[in-house]
Amino acid sequence: MSNVTGKSHAELASIFNQDEPRVDWHDETLWWIRQKRDVQAHKLPEWELLRETASQIKNNVLSNLSTYLEQFEANAINNGIIVHWATDAEEHNQIIHRLLQERGINRMVKSKSMLTEECHLNEYLKEQGIDVIDSDLGERIVQLANEPPSHIVLPCIHKKKEEIGDIFHEHLGSAKGESDPKILTETARQHLREVFLTRRAALTGVNFAIAETGEFVICTNEGNADMGAHLAEIHIASMGIEKIIPERKHLGVFLRLLTRSATGQPITTYSSHFKRPQQGTDIHIVIVDNGRSIQLGREDFRNSLKCIRCGACMNTCPVYRKSGGHSYHTAVAGPIGSILAPNLDMKKYADLPFASTLCGSCSNVCPVKIDIHDQLYKWRQVIVKEGYSPTAKTMAMKAMAFTLSSPTLYRSGGKVGRLVFKYAPFAVNNSLNPWYKHREMPKAPEQSFGEWYNKRKEGKQ
Ligand code: SF4
C-alpha cells in the first residue's frame, strides 16, 4: 500500500495540498492545457476518426507484436543499427552501462525518456560512476532539484518560475532573484550547449518505431534529442516493446494526435527520424519488455499498452490536478500510470487505482481510446480479490455488505447512525476520519426516507 518513502497516494497528496495557492495554480495551469487540447481537437472535423484509426492500428500492433518487433529488428539491422533486447529494467541498465564502459565513456547526455525513469537508469549509472545530464529543460530542472519528474510531458509543472530561478542561481550561476523565463531559458541553453558539445554518448527515448523501415522517430519541442544524438559518437535509444507501428504512413495518424492532445499544439516542433548511423558513429537501440508482455497477457489491461504518452489524461484528471504528480510515487503518474504500475508491483501500487473519481474524463480525451477509467475500476476488483486493499477498508466493506443484505439490519443501522450523528458526532467527525477534513458534518435527519414515506402514505405527514 505504500511506496519506498512509506507513504500512500493519499498521504503524499496531503503533503502537496498543504500549499493551497500551489494546488490552485497547478490545477488551473493543467486545465488551461486541457482547454488548448480541446480547441485543437475541435478544429479537426476528422478528430474522432483519427482516434478510432489510431486505436485500431494499435489493436493490430498488440495482436501481432512479436511479428512487428522481429520485422523492425531485421530492418534496423539492415540499416546498420545495433539492436539489443532487455527483459527487465536491470538488463536495460546493464546493457547501457556496458556500451559506455566499452568505450571508456563516463559522461552522457540524455533527452526525455520515461522508460529510463521507469528503469531508474540515472541512479544506476550514477552508482557506476557515470554522470548523466538530462537535456530536456523540464527534466534538467527537476534533475538539478534532485526530484523525479511529476508529469510525463511537463516534468516540472509543479514548480513556480521563482523556484526555478533559485535552482538556476544555485547550480547554473544565474543572478539571484532572476525569474524571467526568457533569461532562465537562455541560461539553460548556454549550460546545455557545452554539454552537447562535450558528451561522446547520447541517450534518447523513442516515440515511434516503424516495423516497415527499421527507423525510429523522436518528438521534442526543444530539439534537444537531435542536438545530443547528432553530436555524439554513440546514440543509444531506449524503447518499450509497445512503441512499434507497422508502417511509415501510420505516423501521419499519431503525429496529428500526439501534440494536439499533449500541449494543444498542432504539431511537435521536431519529429526526427533516425534510420542509419552517420559515418564513424553508432546507433544502438535497446528494446525493453519490463513487464509489458505480462500486461499484454492481462485481457482487461492490455489496451493500456496503446498509450503514446501524451499526458492528456493527467491534464484532465481532477485528482491528478489537485494532488500533483509526485503523489503517485511511480515514474508515470496520473490515470495511465495507475493502470501500468500495479502490473509491475501490485502490492506497492495497490493504492493507485483508487486515486480516481472514475469520472471518465481520461477515457474521453485519450487519443488512442484507452478505456482508462474502466481499467482503473477493474484493477480495484483485482486488488481486493488478491488481498492488497487495506485491512480497515476491507473490514468496513464487508460490514457494509452484510448490513445492506438485510433490510432489518439496514433499518437498525440507520437508526443507530442518526443517533450517533445527533448526540455523539465526535465519534464520526474526528481526526481519524479523513473524510471530514474538508467537509462539514451534515445535520442528522429525524427519520429515514422509508419512515417518512410510510407516514406520508398513511396520511400522517
Ligand atoms: S493513456 Fe491516453 S491520454 Fe493518457 S497519456 Fe496515454 S495516450 Fe495520452
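Reader: How many salt bridges does the structure hold?

Author: The model under discussion is a predicted one. A pair is counted when a side-chain nitrogen of Lys or Arg lies within 4 Å of a carboxyl oxygen of Asp or Glu. By that criterion, the number of salt bridges in the structure is 26.

Reader: Glu163 and Arg22 meet in a salt bridge; how many residues apart in sequence are the parts that the pair ties together?

Author: The N to O distance of this salt bridge between Glu163 and Arg22 is 2.6 Å. Glu163 belongs to helix α9 (residues 161–172) and Arg22 to helix α2 (residues 20–43), so the parts tied together are separated in sequence by 141 residues.

Reader: Which helix holds both Arg34 and Asp38?

Author: The side chains of Arg34 and Asp38 form a salt bridge of 3.0 Å, N to O, and both residues are buried. They are 4 residues apart, about one turn of the helix, and that helix is α2.

Reader: Where does Asp131, the salt-bridge partner of Arg199, lie?

Author: The closest N and O atoms of Arg199 and Asp131 are 3.3 Å apart. The pair links distant parts of the chain, 68 residues apart: Arg199 is in the loop between α10 (181–198) and β4 (201–204), whereas Asp131 is in strand β3 (residues 131–134).

Conventions
Residues are numbered from 1 along each chain as its sequence is written. This is a predicted model: local features need pLDDT of at least 70, side-chain atom pairs count only at pLDDT 80 or more; totals for chains, interfaces and linings use all residues. Side-chain values use heavy atoms; hydrogens and water are left out. Helices (H or I, at least four residues) and strands (E, at least two) are DSSP runs, numbered from the N terminus. Buried means under 20% relative accessible area, exposed over 50%, partly exposed in between (1.4 Å probe, protein chains only).
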